[in-house]
Every structure is written in C-alpha cells, then in structure tokens.
Amino acid sequence: MPEQTACPSFAIHRRWDGRRQFIELGGEIDVLAAPPGSDFLDDTSGGPGAETDVVVDLRPVTFIDGSGLNALLRTAGRLDACRHTLAIVVTNPLQRRLLHLVGLGRNVTLHTAMPDYAGEATGVVQRAAHPASLTRRV
C-alpha cells in the first residue's frame with residue numbers, strides 16, 4: 001500500500017516493466033529530502049528489480065541541490081559497476097546543465113521526453129514528505 005503524506009513536497013513513484021525500473025522524483029530534492037530519496041535510489045542496485053536498467057524522471061522536480069545530484073552520481077556508479085544503465089529524463093534547462101556540469105551527461109543518457117518503452121511499466125507508488133514542508137516558526 002502506498003504511503004501518503006499531507007504535505008508531499010517530495011515524492012517518489014517507482015514502477016517496473018520487467019527489464020527496467022522507472023523512478024519518478026518530484027518536488028524539491030535537497031539536503032533534507034535526499035536521505036530518503038538517496039536510500040530509495042540505493043535500492044536500484046540491490047533487492048527487487050536489481051537486474052534491470054533504471055530510468056529516473058526528473059520532470060516533476062522543482063529544485064535539486066548537491067545532495068540530490070550526489071545521489072544520482074552514486075546510482076550511476078553502482079549501476080555501471082553492475083553493467084546496467086541509468087537514463088535520466090529532464091526538461092528543465094538549468095537542471096540539464098547541472099547534470100552536465102557534474103559529469104552525468106558523459107556516462108548517463110539524458111532524455112527530454114520519457115522513452116517509448118516506459119508506457120507499459122507497472123508497479124507501486126511511494127511518497128515521502130519533505131521535512132522542510134512542515135511549518136517553521138522563526
């Protein structure tokens with residue numbers, strides 16, 4: 001059963017098509033959100049679906065900082081070590097530039113639209129709340 005939160009400013013949706021994992025990240029991926037997000041990405045190299053390539057969809061992401069980029073870099077490295085591939089769907093030109101600046105554009109396929117093979121994937125939806133989405137008093 002999917003976990004749902006009242007203020008989901010960070011969301012993860014995961015599904016499979018038998019050959020690939022599709023992970024859609026949404027909202028803000030920063031130092032507060034990356035620990036659950038990176039733990040989720042860590043599952044791409046172990047556990048169910050580990051024998052697959054991975055497609056990460058960043059189109060719903062509104063913000064990503066170094067911790068989110070680091071999670072993507074670690075995932076790319078782990079998948080490469082297992083002879084699997086990481087593809088990233090990104091339409092935001094600033095995010096695309098960041099991915100190139102940290103070197104992800106060299107060893108990861110960057111797409112501007114979801115690849116055709118993604119339409120038949122099925123799976124579960126998981127959501128995580130962004131800790132900063134809680135009201136803070138200053």
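**Confidence, architecture and local contacts of the predicted model**

Where pLDDT is low, the predicted coordinates should not be read in detail. For the protein as a whole the mean pLDDT is 75, with 67% of the residues reaching 70 or more. Among the elements, strand S5 (residues 86-89) has the highest mean pLDDT, at 95, whereas strand S7 (residues 122-128) has the lowest, at 40.

Residues are numbered from 1 along each chain as its sequence is written, and side-chain values use heavy atoms, with hydrogens and water left out. As the model is predicted, local features need pLDDT of at least 70 and side-chain atom pairs count only at pLDDT 80 or more, while totals for chains, interfaces and linings use all residues.

The secondary structure comes to 4 helices and 7 strands, which are DSSP runs numbered from the N terminus (helices H or I, at least four residues; strands E, at least two). From the N terminus on, these elements run in the order β-β-α-β-β-α-β-α-α-β-β. Of contacts between residues at least 6 apart in sequence, 73% join residues at least 24 apart. The protein has 138 residues, of which 39% count as buried; buried here means under 20% relative accessible area, exposed means over 50%, and partly exposed lies in between (1.4 Å probe, protein chains only).

Helix H3 (residues 93-101) is marked at its start by Asn-92, a side-chain oxygen of which reaches to within 2.8 Å of the backbone nitrogen of Leu-94. Within helix H3 lies Gln-95, which counts as buried because its relative accessible area is 7%. Beyond its neighbours within four places in sequence, Gln-95 is in contact with Leu-58, Val-61, Thr-62, Phe-63, Ile-64 and Val-90. His-100, also found in helix H3, is partly exposed, since its relative accessibility is 43%. Leaving aside neighbours within four places in sequence, His-100 is in contact with Gly-105 and Leu-110; the C-alpha atoms of His-100 and Leu-110 are 9.4 Å apart, and the two residues are separated by 10 residues in sequence. Just after H3, Gly-103 takes a positive phi of about 95°.

A nonpolar surface patch of about 240 Å² is made by Leu-73, Leu-101 and Val-102. Such patches are made of residues with over 30% relative accessible area and no salt bridge, like charges being joined within 9 Å and nonpolar side chains (Val, Leu, Ile, Met, Phe, Trp, Tyr) within 5 Å. Leu-73 has its place in helix H2 (residues 66-81) and counts as partly exposed because its relative accessibility is 33%.

The loop between strand S4 (61-64) and H2 holds Asp-65. Not counting residues up to four places away in sequence, Asp-65 touches Ile-29, Asp-30 and Val-31. Asp-65 and Asp-30 are 35 residues apart in sequence, yet the distance from C-alpha to C-alpha is 5.1 Å. The side chain of Asp-65 also reaches the backbone nitrogen of Val-31 at 3.1 Å.

Side chains of opposite charge can pair when their charged atoms come close. With a salt bridge taken as a side-chain nitrogen of Lys or Arg within 4 Å of a carboxyl oxygen of Asp or Glu, the count comes to 2 salt bridges. Asp-17 forms a salt bridge with Arg-20, with the closest N and O atoms 3.2 Å apart; Asp-17 is partly exposed because its relative accessible area is 25%, whereas Arg-20 counts as buried at 11% relative accessibility. Asp-57 forms a salt bridge with Arg-59, with the closest N and O atoms 2.7 Å apart. Here Asp-57 counts as buried, at 3% relative accessibility, while Arg-59 is partly exposed, with a relative accessible area of 39%.

Terms used:
pLDDT is the predictor's confidence in each residue, from 0 to 100. Accessible areas come from the Shrake-Rupley method with a 1.4 Å probe; for residues, only the protein chains shown count as cover. A polar contact is a pair of N or O atoms within 3.5 Å; within protein, one must be able to donate a hydrogen and the other to accept it, and residues adjacent in sequence count only if both atoms are side-chain atoms. Contact means heavy atoms within 4.5 Å.
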